[in-house]
Amino acid sequence: MKKTIRLEAIDPLEIYGAGNRILEALCAYFPKLKVAARGTEINLEGKDSEIEEFEAKLNMLIERRLHKTALSPYDVEDIFDGESSPERFKLSGDSTIVHGNDGKPIKARNRTQQEMVKAYFENDLIFAVGPAGTGKTYIAIALAVRALKNREIRRIILTRPAVEAGERLGFLPGDLKDKLDPYLQPLYDALEDMIPGKKLQEFMADGTIQIAPLAYMRGRTLDRACVILDEAQNTNLGQLKMFLTRMGKDAKFIVTGDASQVDLPHKEDSGLLKGIELTKSIKGISTIFFRNEDIVRHPLVSKIVKAFESGMQE
């Protein structure tokens with residue numbers, strides 16, 4: 001049997017890959033099938049059953065491309081490993097982002113978290129802004145861990161500005177790492193929920209997962225990575241611009257912050273809301289605003305936030 005498949009509404013290079021690497025990875029699973037790709041046409045010759053399976057897997061690959069920045073040969077492996085369900089890339093409110101170390105599924109727990117997950121798959125840069133306890137950072141890290149496990153990225157980079165909340169770095173004991181670790185501990189906590197301890201240590205040792213203060217981002221170009229800037233309200237506009245312009249090929253950037261908890265000496269120096277305003281019309285950037293109603297910590301946290309907000313306005 002012979003059949004010609006025509007690729008419509010998609011650039012063939014996005015499916016074939018540079019040097020046809022992705023197409024060759026797909027063809028490797030069909031050694032008896034003759035495959036000739038020319039432009040938008042793929043000509044097949046072989047058994048009916050193999051042609052049907054090839055076309056089905058190709059359609060899965062195309063569907064996957066619609067929900068990713070770019071494909072790689074690893075995506076072909078995932079399809080044949082049974083991990084190609086489109087639902088993996090169209091998470092609903094009841095879908096699992098990733099499983100924690102105890103097997104507990106980590107899911108979006110409210111509508112705003114669902115919006116954040118959806119925005120992640122539809123954009124390369126996301127701002128997630130709102131009060132403490134809404135799960136902004138936790139969901140961001142879950143998405144990054146999921147992307148790493150699915151080989152969509154090569155590394156996870158987590159960063160925070162090293163700004164004191166009432167305590168001076170110089171007064172803390174130890175070397176620079178020891179001084180900075182307390183500021184980065186919430187990021188460690190989330191990772192430890194999702195990646196086994198030994199594997200996490202390996203990832204951090206070989207640079208697959210990097211946690212560093214914001215100042216260490218200067219001069220870098222971050223390709224094929226999920227990069228999360230936490231506590232972004234403590235950056236000024238120049239620092240935020242520096243961070244955002246680190247974005248390289250096939251990268252996802254997530255910026256989280258709480259505009260009501262600025263620890264800078266002059267709160268008006270915060271660049272988070274200014275940066276959101278400046279970039280709001282750029283395609284590929286999405287902003288998710290969390291509210292007090294979205295707080296998922298202890299029920300008292302929501303009441304505490306409201307009480308403090310009322311007191312500060314008086």
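Colleague: How much accessible surface does the protein chain have, and how do you know?

Modeller: About 16600 Å², with 51% of that belonging to carbon and sulfur atoms. The areas come from the Shrake-Rupley method with a 1.4 Å probe, and for residues only the protein chains shown count as cover. Bear in mind that this is a predicted model: local features need pLDDT of at least 70, side-chain atom pairs count only at pLDDT 80 or more, and totals for chains, interfaces and linings use all residues. Residues are numbered from 1 along each chain as its sequence is written, and side-chain values use heavy atoms, without hydrogens and water.

Colleague: What share of the 314 residues counts as buried?

Modeller: 48%. Buried is under 20% relative accessible area, exposed over 50%, partly exposed in between (1.4 Å probe, protein chains only).

Colleague: Now the rings. Why is F30 with F54 called an edge-to-face aromatic pair?

Modeller: There are 3 aromatic pairs in the structure. For F30 and F54, the centres are 5.4 Å apart and the planes make 70 degrees. Rings of Phe, Tyr and Trp (its six-membered ring) pair if their centres lie within 6.5 Å; planes under 30 degrees apart are stacked, over 60 edge-to-face, the rest tilted. So F30 and F54 pass on both counts.

Colleague: What does that pair tie together?

Modeller: F30 is in the loop between α2 (21–27) and β2 (34–38), and F54 in helix α3 (residues 48–65), so the parts joined are 24 residues apart in sequence. Both F30 and F54 are buried.

Colleague: And what makes Y120 and F121 edge-to-face?

Modeller: Their planes are 85 degrees apart, with 5.2 Å centre to centre. Y120 and F121 are both buried too.

Colleague: How do you know that the charged end of K252 sits over the ring of Y120?

Modeller: The distance to the ring centre is 4.8 Å. The rule asks for NZ of Lys or CZ of Arg within 6 Å of the centre and within 35 degrees of the ring normal, and K252 counts as sitting over the ring.

Colleague: Which strands form the open sheet, and why are β8 and β11 at its edges?

Modeller: The order is β8-β7-β9-β10-β6-β11, with parallel pairing. β8 (209–213) and β11 (285–289) each have a single partner strand, so one side of each lacks a neighbour in the sheet.

Colleague: How do you know that β6 and β11 pair?

Modeller: Two strands pair if DSSP finds at least two bridges between them. Strand β6 (residues 125–129) and β11 have 5, in the parallel sense. In β11, S286 is the bridge partner of I126.

Conventions
Helix = DSSP H or I, 4+ residues; strand = E, 2+ residues; numbered from the N terminus.
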